Amino acid sequence: SSLSIPSYPVLHGMEREGYVEAYEKAAPTGRVRKYYHLTRAGRAALTEEEKAWQEYSGAVNAVLTSRG
């Protein structure tokens, strides 16, 4: 799947933070494309964000299910 143009500022910010690294590669069409991959720091940040999301969504679900 391709990214829409507004995604690039987010990727550039993540690159500045050291969470992703970019590399260029020629596509089958011959056009050079830019690809991103997670760094170790990015993987660690993702793990922390996943934990925070699980805690937050669990709290929201607890509120929603207790209303019944």
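Tyr-35 is partly exposed in this predicted model, with a relative accessible area of 32%, where buried means under 20% relative accessible area, exposed over 50% and partly exposed in between, for a 1.4 Å probe and protein chains only. Tyr-23 is likewise partly exposed, its relative accessible area being 40%. The model is predicted, so that local features need pLDDT of at least 70 and side-chain atom pairs count only at pLDDT 80 or more, while totals for chains, interfaces and linings use all residues. Residues are numbered from 1 along each chain as its sequence is written, and side-chain values use heavy atoms, with hydrogens and water left out.

A pair of aromatic rings is described by the distance of the centres and the angle of the planes. Rings of Phe, Tyr and Trp (for Trp, its six-membered ring) pair if their centres lie within 6.5 Å, and planes under 30 degrees apart count as stacked, over 60 as edge-to-face and the rest as tilted. By this rule there are two aromatic pairs. In one of them, the rings of Tyr-23 and Tyr-35 have centres 5.6 Å apart and planes at 25°, and the pair is therefore stacked. Because Tyr-23 lies in strand β1 (residues 20-26) and Tyr-35 in strand β2 (residues 32-38), this pair ties together parts that are 12 residues apart in sequence. Trp-53 and Tyr-56 also pair, with ring centres 5.7 Å apart and planes at 40°, so this pair is tilted. Trp-53 and Tyr-56 are three residues apart in helix α2 (residues 40-66) and are therefore separated by about one helical turn.

Both Trp-53 and Tyr-56 are exposed, and together with Val-60 and Leu-64 they form a nonpolar patch on the surface, with about 440 Å² of accessible area together. Patches are made of residues with over 30% relative accessible area and no salt bridge, like charges being joined within 9 Å and nonpolar side chains (Val, Leu, Ile, Met, Phe, Trp, Tyr) within 5 Å; accessible areas come from the Shrake-Rupley method with a 1.4 Å probe, and for residues only the protein chains shown count as cover. Leu-64 has its place in helix α2.

Helices (H or I, at least four residues) and strands (E, at least two) are DSSP runs, numbered from the N terminus. Strands β1 and β2 run antiparallel and are joined by seven bridges, two strands being paired if DSSP finds at least two bridges between them. Ala-22, for instance, has Tyr-36 as its bridge partner in β2. The two strands form a hairpin with five residues between them, and Gly-30 in the turn has a positive phi of about 95°.

What does Glu-15 contact, leaving aside its neighbours within four places in sequence? Glu-15, which lies in helix α1 (residues 7-17), is in contact with Val-20, Ala-22, Lys-34 and Tyr-36, where contact means heavy atoms within 4.5 Å. Glu-15 counts as partly exposed, at 31% relative accessibility, and its C-alpha atom is separated by 9.7 Å from that of His-37, 22 residues apart along the chain.

Thr-39 sits in the loop between β2 and α2 and is buried, with a relative accessible area of 13%. Apart from neighbours within four places in sequence, Thr-39 is in contact with Gly-18, Tyr-19, Val-20 and Glu-21. Leu-46 lies in helix α2 and counts as partly exposed, at 35% relative accessibility.

Side chains of opposite charge can pair when their charged atoms come close. With a salt bridge taken as a side-chain nitrogen of Lys or Arg within 4 Å of a carboxyl oxygen of Asp or Glu, the count comes to one, and this joins the side chains of Lys-51 and Glu-48 (3.6 Å, N to O). Because Lys-51 and Glu-48 are three residues apart in helix α2, they are separated by about one helical turn; Glu-48 counts as partly exposed, at 47% relative accessibility.

For the chain as a whole, 13% of the 68 residues count as buried. The accessible surface comes to about 5,900 Å², of which 54% belongs to carbon and sulfur atoms.
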